[in-house]
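Hi,

Here is the structure I promised to pass on. Please have a look at it first, and my notes follow below.

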Amino acid sequence: MAYMRGVYFRMKDEVFRGSRPYESGPLEEFLKREFGEHTKMTDVKKPKVMLTGTLSDRQPAELHLFRNYEAPECVREPRFNQNVNLKPPTHPSEQLVWRAARSSGAAPTYFRPNGRFLDGGLLANNPTLDAMTEIHEYNQDMIRKGQGNKVKKLSIVVSLGTGRSPQVPVTCVDVFRPSNPWELAKTVFGAKELGKMVVDCCTDPDGRAVDRARAWCEMVGIQYFRLNPQLGTDIMLDEVNDTVLVDALWETEVYIYEHREQFQKLIQLLLSP
(Lines give C-alpha, C1' and ligand atoms only; values in the text may rest on other atoms or scores of the structure.)
Protein backbone atom coordinates (compact mmCIF):
# COMPACT_ATOMS: atom_id res chain seq x y z
CA MET A 1 0.00 0.00 0.00
CA ALA A 2 2.82 2.38 0.85
CA TYR A 3 4.39 1.69 -2.54
CA MET A 4 1.10 2.35 -4.36
CA ARG A 5 0.64 5.66 -2.54
CA GLY A 6 4.18 6.59 -3.52
CA VAL A 7 3.50 5.66 -7.14
CA TYR A 8 0.54 8.02 -7.33
CA PHE A 9 2.30 10.93 -5.68
CA ARG A 10 5.24 10.49 -8.05
CA MET A 11 2.97 10.13 -11.07
CA LYS A 12 0.97 13.30 -10.43
CA ASP A 13 4.14 15.39 -10.25
CA GLU A 14 5.60 13.88 -13.41
CA VAL A 15 2.47 13.58 -15.56
CA PHE A 16 0.06 16.39 -14.64
CA ARG A 17 2.21 19.30 -15.74
CA GLY A 18 0.87 22.24 -17.71
CA SER A 19 -2.75 22.31 -18.81
CA ARG A 20 -5.19 19.81 -20.29
CA PRO A 21 -4.83 17.88 -22.47
CA TYR A 22 -1.52 16.79 -20.96
CA GLU A 23 1.46 15.61 -22.96
CA SER A 24 1.39 11.84 -23.43
CA GLY A 25 5.18 11.44 -23.28
CA PRO A 26 5.64 11.76 -19.49
CA LEU A 27 2.76 9.32 -18.84
CA GLU A 28 4.14 6.78 -21.29
CA GLU A 29 7.65 6.99 -19.83
CA PHE A 30 6.22 6.55 -16.34
CA LEU A 31 4.27 3.45 -17.40
CA LYS A 32 7.33 1.96 -19.10
CA ARG A 33 9.34 2.33 -15.89
CA GLU A 34 6.61 0.75 -13.76
CA PHE A 35 5.62 -2.16 -16.04
CA GLY A 36 8.70 -2.60 -18.19
CA GLU A 37 9.11 -1.35 -21.74
CA HIS A 38 8.96 -4.82 -23.31
CA THR A 39 6.67 -6.71 -20.89
CA LYS A 40 3.82 -8.44 -22.72
CA MET A 41 0.41 -9.18 -21.22
CA THR A 42 1.05 -12.93 -21.29
CA ASP A 43 4.28 -12.43 -19.31
CA VAL A 44 1.99 -11.89 -16.31
CA LYS A 45 1.06 -15.50 -15.49
CA LYS A 46 -1.02 -15.02 -12.35
CA PRO A 47 -3.57 -13.77 -11.58
CA LYS A 48 -5.72 -13.41 -14.67
CA VAL A 49 -5.88 -9.71 -15.56
CA MET A 50 -8.31 -7.73 -17.69
CA LEU A 51 -8.22 -4.01 -18.50
CA THR A 52 -10.98 -2.07 -20.22
CA GLY A 53 -10.48 0.08 -23.30
CA THR A 54 -12.83 1.78 -25.74
CA LEU A 55 -12.35 1.04 -29.43
CA SER A 56 -13.03 4.47 -30.93
CA ASP A 57 -12.27 3.63 -34.57
CA ARG A 58 -15.88 2.53 -35.09
CA GLN A 59 -19.40 3.74 -34.52
CA PRO A 60 -20.92 2.62 -32.20
CA ALA A 61 -17.76 2.41 -30.11
CA GLU A 62 -17.00 -0.98 -28.60
CA LEU A 63 -15.67 -2.18 -25.26
CA HIS A 64 -12.37 -4.06 -25.51
CA LEU A 65 -10.76 -6.13 -22.79
CA PHE A 66 -6.97 -6.32 -22.66
CA ARG A 67 -6.24 -9.79 -21.27
CA ASN A 68 -3.22 -11.80 -20.19
CA TYR A 69 -4.94 -15.00 -21.37
CA GLU A 70 -6.72 -16.28 -24.46
CA ALA A 71 -10.11 -14.67 -24.92
CA PRO A 72 -13.03 -17.10 -24.61
CA GLU A 73 -14.59 -18.10 -27.91
CA CYS A 74 -18.00 -16.54 -28.34
CA VAL A 75 -20.82 -18.74 -29.68
CA ARG A 76 -23.36 -15.93 -29.86
CA GLU A 77 -24.20 -14.19 -33.09
CA PRO A 78 -21.94 -11.12 -33.43
CA ARG A 79 -23.54 -7.72 -32.88
CA PHE A 80 -22.29 -6.45 -36.24
CA ASN A 81 -21.24 -7.96 -39.55
CA GLN A 82 -17.47 -8.18 -39.93
CA ASN A 83 -15.98 -5.03 -41.44
CA VAL A 84 -12.75 -5.61 -43.37
CA ASN A 85 -11.74 -2.00 -42.74
CA LEU A 86 -11.48 -2.59 -38.98
CA LYS A 87 -8.25 -4.12 -37.71
CA PRO A 88 -8.55 -6.97 -35.19
CA PRO A 89 -7.20 -6.27 -31.68
CA THR A 90 -3.62 -7.20 -30.83
CA HIS A 91 -3.17 -10.72 -29.47
CA PRO A 92 -2.34 -10.86 -25.72
CA SER A 93 1.06 -12.43 -26.49
CA GLU A 94 1.95 -9.34 -28.54
CA GLN A 95 0.22 -6.71 -26.38
CA LEU A 96 2.62 -4.58 -24.35
CA VAL A 97 1.46 -4.04 -20.77
CA TRP A 98 2.34 -0.35 -20.72
CA ARG A 99 0.40 0.25 -23.93
CA ALA A 100 -2.64 -1.51 -22.49
CA ALA A 101 -2.43 0.71 -19.40
CA ARG A 102 -1.96 3.80 -21.57
CA SER A 103 -5.02 2.87 -23.66
CA SER A 104 -7.15 2.13 -20.61
CA GLY A 105 -6.33 5.54 -19.12
CA ALA A 106 -6.72 7.70 -22.24
CA ALA A 107 -9.38 9.89 -20.63
CA PRO A 108 -10.78 12.42 -23.14
CA THR A 109 -9.66 16.04 -22.54
CA TYR A 110 -6.93 14.75 -20.18
CA PHE A 111 -4.83 12.72 -22.63
CA ARG A 112 -4.90 12.13 -26.36
CA PRO A 113 -6.15 8.74 -27.58
CA ASN A 114 -3.63 5.91 -27.73
CA GLY A 115 -4.04 4.99 -31.37
CA ARG A 116 -7.64 3.85 -31.71
CA PHE A 117 -8.19 3.44 -27.98
CA LEU A 118 -9.87 5.76 -25.49
CA ASP A 119 -10.41 5.33 -21.76
CA GLY A 120 -12.36 2.17 -20.98
CA GLY A 121 -14.35 4.17 -18.42
CA LEU A 122 -16.38 5.68 -21.26
CA LEU A 123 -18.22 2.36 -21.61
CA ALA A 124 -17.44 0.60 -18.33
CA ASN A 125 -16.42 2.97 -15.55
CA ASN A 126 -17.58 0.31 -13.11
CA PRO A 127 -16.73 -2.92 -14.96
CA THR A 128 -18.03 -5.34 -12.30
CA LEU A 129 -20.72 -6.85 -14.53
CA ASP A 130 -18.30 -6.93 -17.47
CA ALA A 131 -15.82 -8.91 -15.35
CA MET A 132 -18.57 -11.29 -14.21
CA THR A 133 -19.66 -11.76 -17.82
CA GLU A 134 -16.08 -12.49 -18.87
CA ILE A 135 -15.68 -15.10 -16.11
CA HIS A 136 -18.93 -16.80 -17.11
CA GLU A 137 -18.01 -16.86 -20.81
CA TYR A 138 -14.53 -18.18 -19.97
CA ASN A 139 -15.99 -21.00 -17.86
CA GLN A 140 -18.51 -21.90 -20.56
CA ASP A 141 -15.72 -21.99 -23.14
CA MET A 142 -13.71 -24.36 -20.94
CA ILE A 143 -16.72 -26.68 -20.60
CA ARG A 144 -17.31 -26.72 -24.38
CA LYS A 145 -13.66 -27.66 -24.90
CA GLY A 146 -13.89 -30.54 -22.43
CA GLN A 147 -11.78 -28.74 -19.83
CA GLY A 148 -14.41 -28.48 -17.12
CA ASN A 149 -11.74 -29.21 -14.50
CA LYS A 150 -10.38 -25.70 -15.12
CA VAL A 151 -13.68 -24.02 -14.28
CA LYS A 152 -13.55 -21.84 -11.18
CA LYS A 153 -16.95 -20.98 -9.74
CA LEU A 154 -17.27 -17.33 -8.85
CA SER A 155 -17.89 -17.04 -5.11
CA ILE A 156 -16.80 -13.52 -4.08
CA VAL A 157 -16.91 -10.19 -5.90
CA VAL A 158 -14.89 -7.32 -4.43
CA SER A 159 -15.49 -3.93 -6.05
CA LEU A 160 -13.09 -1.14 -5.07
CA GLY A 161 -14.17 2.43 -5.71
CA THR A 162 -12.03 5.56 -5.91
CA GLY A 163 -14.17 7.62 -3.55
CA ARG A 164 -17.74 8.90 -3.80
CA SER A 165 -18.12 12.59 -4.55
CA PRO A 166 -20.66 14.52 -2.46
CA GLN A 167 -24.08 15.20 -3.93
CA VAL A 168 -24.63 18.91 -4.60
CA PRO A 169 -27.66 20.89 -5.82
CA VAL A 170 -27.89 22.03 -9.45
CA THR A 171 -29.74 25.27 -10.08
CA CYS A 172 -30.39 25.08 -13.82
CA VAL A 173 -30.05 22.63 -16.74
CA ASP A 174 -32.48 24.50 -19.00
CA VAL A 175 -31.22 25.12 -22.54
CA PHE A 176 -33.45 27.29 -24.72
CA ARG A 177 -33.40 29.98 -27.40
CA PRO A 178 -32.62 33.25 -25.55
CA SER A 179 -34.43 36.49 -26.30
CA ASN A 180 -32.23 38.85 -24.26
CA PRO A 181 -28.72 38.97 -22.74
CA TRP A 182 -29.94 37.71 -19.36
CA GLU A 183 -31.54 34.65 -20.94
CA LEU A 184 -28.38 34.11 -23.00
CA ALA A 185 -26.35 33.91 -19.79
CA LYS A 186 -28.86 31.46 -18.30
CA THR A 187 -28.71 29.31 -21.43
CA VAL A 188 -24.91 29.19 -21.40
CA PHE A 189 -24.88 28.28 -17.72
CA GLY A 190 -27.60 25.68 -18.24
CA ALA A 191 -25.74 24.12 -21.17
CA LYS A 192 -22.58 23.87 -19.07
CA GLU A 193 -24.40 22.18 -16.19
CA LEU A 194 -26.28 19.87 -18.57
CA GLY A 195 -23.05 18.84 -20.27
CA LYS A 196 -21.45 18.04 -16.93
CA MET A 197 -24.52 16.04 -15.91
CA VAL A 198 -24.44 14.00 -19.13
CA VAL A 199 -20.76 13.15 -18.61
CA ASP A 200 -21.37 12.24 -14.97
CA CYS A 201 -24.34 10.03 -15.87
CA CYS A 202 -22.40 8.22 -18.61
CA THR A 203 -19.37 7.55 -16.41
CA ASP A 204 -21.04 7.09 -13.01
CA PRO A 205 -19.27 4.20 -11.23
CA ASP A 206 -21.73 4.18 -8.32
CA GLY A 207 -25.50 4.48 -8.14
CA ARG A 208 -27.42 1.92 -10.17
CA ALA A 209 -24.24 0.27 -11.48
CA VAL A 210 -23.50 -0.87 -7.93
CA ASP A 211 -27.14 -1.77 -7.25
CA ARG A 212 -27.28 -3.97 -10.37
CA ALA A 213 -24.04 -5.76 -9.55
CA ARG A 214 -25.14 -6.38 -5.96
CA ALA A 215 -28.55 -7.66 -7.08
CA TRP A 216 -27.05 -10.03 -9.67
CA CYS A 217 -24.64 -11.43 -7.09
CA GLU A 218 -27.39 -11.93 -4.52
CA MET A 219 -29.57 -13.71 -7.11
CA VAL A 220 -26.91 -16.37 -7.76
CA GLY A 221 -25.57 -16.63 -4.21
CA ILE A 222 -22.29 -14.73 -4.64
CA GLN A 223 -20.84 -12.65 -1.82
CA TYR A 224 -20.59 -9.01 -2.93
CA PHE A 225 -18.46 -6.30 -1.33
CA ARG A 226 -18.42 -2.69 -2.51
CA LEU A 227 -15.73 -0.67 -0.74
CA ASN A 228 -15.84 3.02 -1.55
CA PRO A 229 -15.34 5.89 0.92
CA GLN A 230 -17.46 9.03 0.91
CA LEU A 231 -15.26 12.05 0.16
CA GLY A 232 -15.86 15.52 1.47
CA THR A 233 -15.13 17.24 -1.84
CA ASP A 234 -15.21 16.41 -5.53
CA ILE A 235 -11.60 15.56 -6.44
CA MET A 236 -10.60 15.95 -10.07
CA LEU A 237 -8.71 13.24 -11.94
CA ASP A 238 -5.67 15.50 -12.28
CA GLU A 239 -5.61 16.85 -8.71
CA VAL A 240 -2.02 17.66 -7.66
CA ASN A 241 -2.59 19.54 -4.39
CA ASP A 242 -1.01 17.42 -1.64
CA THR A 243 -3.37 18.81 1.01
CA VAL A 244 -6.46 17.73 -0.94
CA LEU A 245 -5.00 14.28 -1.61
CA VAL A 246 -3.89 13.73 1.99
CA ASP A 247 -7.38 14.71 3.17
CA ALA A 248 -8.79 12.05 0.84
CA LEU A 249 -6.35 9.49 2.26
CA TRP A 250 -7.45 10.39 5.79
CA GLU A 251 -11.13 10.04 4.86
CA THR A 252 -10.28 6.62 3.46
CA GLU A 253 -8.55 5.61 6.70
CA VAL A 254 -11.64 6.70 8.65
CA TYR A 255 -13.86 4.69 6.27
CA ILE A 256 -11.74 1.56 6.79
CA TYR A 257 -11.98 1.93 10.56
CA GLU A 258 -15.74 2.54 10.52
CA HIS A 259 -16.26 -0.52 8.28
CA ARG A 260 -13.67 -2.73 9.98
CA GLU A 261 -16.19 -5.52 10.60
CA GLN A 262 -16.94 -5.69 6.87
CA PHE A 263 -13.22 -5.82 6.10
CA GLN A 264 -12.68 -8.56 8.68
CA LYS A 265 -15.50 -10.61 7.16
CA LEU A 266 -13.98 -10.21 3.70
CA ILE A 267 -10.54 -11.28 4.96
CA GLN A 268 -12.01 -14.41 6.55
CA LEU A 269 -13.82 -15.33 3.33
CA LEU A 270 -10.70 -14.81 1.21
CA LEU A 271 -8.55 -16.90 3.56
CA SER A 272 -11.06 -19.73 3.91
CA PRO A 273 -10.31 -22.86 1.80
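How many bridges join strand E1 (residues 50–55) to E3? Three bridges link them, and the two strands run antiparallel. Here strands are DSSP runs of E with at least two residues, helices are runs of H or I with at least four, and both are numbered from the N terminus; two strands pair if DSSP finds at least two bridges between them.

Before going further: this is a predicted model, in which local features need pLDDT of at least 70 and side-chain atom pairs count only at pLDDT 80 or more, while totals for chains, interfaces and linings use all residues. Residues are numbered from 1 along each chain as its sequence is written, and side-chain values use heavy atoms, with hydrogens and water left out.

The sheet: Gly-53 stands opposite Asp-119 in E3. Three strands form an open, antiparallel sheet in the order E2-E1-E3. E2 and strand E3 (117–119) are at the edges with a single partner strand each, so one side of each has no neighbour in the sheet.

Strand E2 (62–67) gives the most to the lining, with six residues, and helix H5 (128–144) supplies at least two.

Best wishes
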